[in-house]
Each structure stands twice: as C-alpha cells, then as structure tokens.
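Hi there,

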Amino acid sequence: MLKKTGLILALVLSTALSAYTPENKLEGLPITSLSENSAEVLLSKIKAHLQSDKKESTLSEEALQLGVSGYLKLAKSGEIPNDKPLTIIDFSLPSSIKRLWTIDPISGNILHHTFVAHGRNSGNLMATKFSNTNSSYMSSLGFYRTAETYHGKHGYSLRLDGIEKGLNDNARKRAIVIHGAEYANPDFITKTGRLGRSLGCPALPMAVFKDIIDTIKENSCLFIYAPNKTYHENSQLLATI
C-alpha cells in the first residue's frame, strides 16, 4: 500500500514540475506566448533595465506605455514581426539629452540609447509642432515600420513607412529616413545648447547611426512620441489601445 501511495505521489509531483515554467525562462519565450498581461510583463522588464542606469530613466511613462501597447497590438495583428526591436523617440524631451531608446521586446534590454534630431520647423530645443505634409520640414509623430537601407546623400540610411493614416503615412514620399548627421553629434550641443535640426528626419550621431540602423532595419517598430493633443485625438491606433 505504501509503495502504491508513493508511486501516486511521485507521479503527481512529476506532472506538476513538468507544467512549471521558472520565471527567469520567460525571457526565452516569444511575445505571442505571453499571457494577456504581456504588456505588464514587458513594461516591468523594460523598467528594470531603465532603472539600472539613472541616465536612462528620463523616458516618460506615457511614451513607454503607448509604445509598448502599440507595438504589441501591431505584432498581434501581423503588422510587424514580434521578435524585432521596438524603438521609442520621446519628443517630450529636449534635443540636448538622449531621447531615443531601442528595446529588445523579449528581454526588455536597452540595446541603444542616444541623441536624435527633430525637424527644423518643429522647434528649436523642443519639438512642439508636427506635420505629415511634404516640404513642411517638421517631424511626424506616431508608429512607423522600418524598411530597406540604401546609400544616398546622407550615406547609409534607413527608409521609414508611416503606419498611421493622415499622421505619418507620407513619410516615404517626404523622404523621412534615419541617417547620420554631424549636427546630431553631442559636441554640437556644447556649442549651441541643442542639436542641429533636420528636414524632418530623425537624424542620429555619426558614431552610432550605422549600428542602430543595422539593429532596427527591415520591419521593426518605431514610435515617435510627443504629448501632442492633435496626434492623440486623431491616432486610430491609440484609440484602440
């Protein structure tokens, strides 16, 4: 009888252990296998990495939450792959501090954190005005899908396709791309108190732009955020988050 009871207990214990997934193994699972709390899980991981370096904790709570929620929605609908990085540009911050983060959506690790320029007609130190119109020389807010690389007048560059109709969907027509620029280098801030400005492109420092492009090229998600009423009221993607 004791042998039979022991056998039953061993079987129950074996079944329980086989169904148990240690918490530290969550990072090896794809996003789509996470529960309905996947946004909460991912946010928790990202915040842990951000808090490990106080210099990186400037990312606004709303920019992070909207970026993650939008990314997960786009991944779920098949608009973007669920294993590509998420890049967030936070234009609630001045150009004199680092305001671009590239995030691993599995581990929450911060892959890149650097300066990024905004369009010349969007503002000086702060980007406060935005447009989807050709020759406006302003930045456009919202979610983008990164596309192919090419070599143009700015050298190695990355094309962007705006996902949000009426808000950034003219990005390709406007030649809004990611590229390197001398005016996006941190030493420019020492001279002027801010970065130089682009014609609407999110231009990056020369020392890092190639690595970032290679990390995020070909169908990753880019979210450009600002606390802008017009964008928030007209974004169909945000309305469903």
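Below I go from the overall fold to the strands, the cores, one histidine and the aromatic rings.

Before the details, please keep in mind that this is a predicted model, where local features need pLDDT of at least 70 and side-chain atom pairs count only at pLDDT 80 or more, while totals for chains, interfaces and linings use all residues. Residues are numbered from 1 along each chain as its sequence is written, and side-chain values use heavy atoms, with hydrogens and water left out.

**Overall fold**

The protein has seven helices and seven strands (DSSP runs numbered from the N terminus: H or I of at least four residues for helices, E of at least two for strands). Their order along the sequence is α-α-α-β-β-β-β-β-β-α-α-β-α-α. Of its 241 residues, 46% count as buried (under 20% relative accessible area with a 1.4 Å probe, protein chains only; over 50% is exposed and in between is partly exposed). The exposed surface comes to about 12500 Å², with 53% of it from carbon and sulfur atoms (Shrake-Rupley method, 1.4 Å probe; for residues, only the protein chains shown count as cover). Among contacts with a separation of 6 or more, 61% are between residues 24 or more positions apart (contact means heavy atoms within 4.5 Å).

Six residues separate β2 and β3 in their hairpin, and G108 in the turn has a positive phi of about 80°.

**Nonpolar cores**

The largest nonpolar core has 51 residues, and I46, L64, V68, I88, F91, F143 and I178 touch the most other members (a core is a set of buried Ala, Val, Leu, Ile, Met, Phe, Trp, Tyr and Cys residues joined through side-chain atoms within 4.5 Å). Helix α3 (residues 61-77) supplies its largest share, eight residues. A second, separate core of seven residues includes A181, A184, L195 and A203.

**H118**

H118 sits in the loop between β3 and β4 (142-152) and is buried at 1% relative accessible area. Its side chain reaches the backbone oxygen of G123 at 3.1 Å, and the backbone oxygen of N124 also lies 3.1 Å from a polar atom of that side chain. Residues that H118 touches include F91, R99, S139 and R197, not counting those up to four places away in sequence.

**Aromatic rings**

Three aromatic pairs turn up in the whole structure (Phe, Tyr or Trp rings, using the six-membered ring of Trp, with centres within 6.5 Å; planes under 30 degrees apart are stacked, over 60 edge-to-face, the rest tilted). F91 and F130 are stacked, at 6.3 Å centre to centre and 15° between the planes. They are 39 residues apart, with F91 in the loop between β1 and β2 and F130 in the loop between β3 and β4. F91 is buried at 2% relative accessible area. F223 and Y225 make a tilted pair, at 6.2 Å and 50°; F223 is buried at 0% and Y225 at 4%. Ring pairs link F143, F223 and Y225 into a cluster.

Happy browsing!

Technical notes
Pairing = 2+ DSSP bridges. Polar contact = N/O pair within 3.5 Å; in protein donor to acceptor, adjacent residues only side chain to side chain.
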